Amino acid sequence: MSKRDYYEVLGLSRNASEEEIKKSYRRLARQYHPDVNPGNSEAEAKFKEISEAYEVLRDPQTRARYDQFGHAGTQNGGFGGAGFGGAGGFEDIFDMFFGGGFGGQGTRRGPQKGADLRLDLDITLEEAAFGVEKEIELPKLQTCSECEGTGSAPGTFPSSCKVCKGTGQVKTTQKTVLGHFQTIKTCHNCHGTGKVVETPCDSCYGQGRVKQKKKIAITIPAGIDTGARLRVSGEGEPGANGGPEGDLYVYINVKPHKMFERHGDDIWCNYSLSIVQAMLGDEIKVPTLDGDVKLKIPEGTQSGTSFRLKGKGVQKLRGYGRGDQHVRVKVTVPTNLNEKQKELIRQFAKTLTSKNDAGKEKGFFEKVKDAFMG
């Protein structure tokens, strides 16, 4: 069966730029990668075809030979049947899926740290103020317990790669007008590991990892706020080739509260006073993060006045103590008065003088007088 045109495989025109080639390859490789399509032989074949096309077109020299001679121009250079690719093939996919990387072209893959994970977590204002321990269930790749990460069925072990003799590298020699040109590339058969799984594990299909849900306890410190990031070491994806696990990064979002507003370590709330409470003063119960507390309202309190409750705010994240709570009062004016009530207020308003004003501007009592006498 004849091979398809490499440009057609990648969905590109023949004058595509290097960046366009790389972008198209990454997009298609993500779609058909074996890790995304376990057990799908059609997707695996498609991935090999994509990788082979990219191996040729990514390099200006091999691309020029292919443009001039077609598939025949790539056979002597060792690019035909590149499979999962060399320095720019499998390594690029490894970067995309597992957060790893290769030290350079032709180097054998050593232990690679697993990819980091991100979790966005919503918490309440109370949880942010006092701290809390959250247990979350996180879907993540984990080392297969059946094969202990080897990828081989129980009782079997990966064998040394016959293509690279266990080195993880293959050498190709190309004859040019300038002489023989030798390149060292990552082995396409074992992808640089030097090992080949001949009897795949039934649980992980030879990948050595399976996707499972894991319960993780996360300690949220008191005083944390929206936008904060917590790092949970070792709770990311497992590493490759014996490498360490990645980390989990938790991004915090504090949900709006129906009663309190947070400003740094302080919180604010509104409280409605009756006109009688404002005029004569009162002792009221005010809600706080710790429960209701008593607050004394002095007589003649104006609407918009705020009172401070020391130490009733949020725990300071860096330092000792807590912020304060500020109570902003709003005086409510009664409505739907009957005629007798109105007359009583008119009589009361006649008794008000400038001495009853709270300041230079029209005071509370003068406003009452204007409202009912005007």
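This is a predicted model: local features need pLDDT of at least 70, side-chain atom pairs count only at pLDDT 80 or more; totals for chains, interfaces and linings use all residues.
Trainee: Let's start with the helices. At what angle do α2 and α3 cross?
Mentor: Their axes cross at roughly 165° and come within 9 Å. Helix α2 covers residues 18-32, and helix α3 covers residues 41-57.

Trainee: How would you describe α2 relative to α3, roughly parallel or roughly antiparallel?
Mentor: Roughly antiparallel, because angles over 145 degrees count that way. As for handedness, α2 passes α3 in a left-handed crossing.

Trainee: Which residues meet there?
Mentor: From α2 you have I21, K22, Y25, L28, A29 and Y32. On the α3 side they meet A43, K46, F47, I50, S51, Y54 and L57.

Trainee: And how many of the residues in that contact are nonpolar, polar or charged?
Mentor: The contact of α2 with α3 has 10 nonpolar residues, one polar and two charged.

Trainee: Okay, next pair. How far apart are the axes of α3 and α4?
Mentor: They are 6 Å apart, and the two helices pack at an angle of about 105°. Helix α4 spans residues 60-69. That angle makes α3 roughly perpendicular to α4.

Trainee: Who makes that contact?
Mentor: E55, V56 and L57 come from α3, while T62, R63 and Y66 come from α4. Sorted by class, there are three nonpolar residues, one polar and two charged.

Trainee: Changing topic: where is D324?
Mentor: D324 is in the loop between β14 (306-309) and β15 (325-332).

Trainee: Is that aspartate buried or exposed?
Mentor: D324 is buried, because its relative accessible area is 13% and the cut-off for buried is under 20%.

Trainee: What does the side chain of D324 make a polar contact with?
Mentor: With the side chain of R308, at 3.1 Å. Beyond its neighbours within four places in sequence, D324 is in contact with several residues, including D265, D266, I267 and R308. L309, K310, G311, K312 and G313 are also in contact with D324.

Trainee: What about G323, buried or exposed?
Mentor: G323 is buried, at 2% relative accessibility. G323 also lies in the loop between β14 and β15.

Trainee: How far is the C-alpha of G323 from that of G311?
Mentor: The two C-alpha atoms are separated by 5.4 Å, with G323 and G311 being 12 residues apart along the chain. G311 is also in contact with G323, as are D265, D266, K312, G313, V314 and K316, leaving aside neighbours within four places in sequence.

Trainee: Let's jump to S152. Where does that one sit?
Mentor: S152 lies in the loop between β2 (132-143) and β3 (159-160). The serine is buried, with a relative accessible area of 2%.

Trainee: Which residues is S152 in contact with?
Mentor: Setting aside neighbours within four places in sequence, S152 is in contact with C147, F157, P158, V197, T199, P200 and C201.

Trainee: Last one: which strand holds I218?
Mentor: I218 is in strand β7, residues 209-220. The relative accessible area of I218 is 2%, so I218 counts as buried.

Trainee: And what does I218 touch?
Mentor: Not counting residues up to four places away in sequence, I218 touches L119, V132, E133, K134, I136, L230 and V250. I218 and I136 are 82 residues apart along the chain, and their C-alpha atoms are separated by 7.6 Å.

Definitions and conventions:
Residues are numbered from 1 along each chain as its sequence is written. Side-chain values use heavy atoms; hydrogens and water are left out. Axes are lines fitted to C-alpha atoms, for helices over the stretch in contact, and angles run from 0 to 180 degrees between N-to-C directions. Helices (H or I, at least four residues) and strands (E, at least two) are DSSP runs, numbered from the N terminus. Angles under 35 degrees count as roughly parallel, over 145 as roughly antiparallel, 65 to 115 as roughly perpendicular and the rest as oblique. A crossing is left-handed if the near helix is turned anticlockwise from the far one by less than a right angle, and right-handed if clockwise. Contact means heavy atoms within 4.5 Å. Ala, Val, Leu, Ile, Met, Phe, Trp, Tyr, Cys and Pro count as nonpolar, Asp, Glu, Lys and Arg as charged, and the others, Gly among them, as polar. Buried means under 20% relative accessible area, exposed over 50%, partly exposed in between (1.4 Å probe, protein chains only). A polar contact is a pair of N or O atoms within 3.5 Å; within protein, one must be able to donate a hydrogen and the other to accept it, and residues adjacent in sequence count only if both atoms are side-chain atoms.
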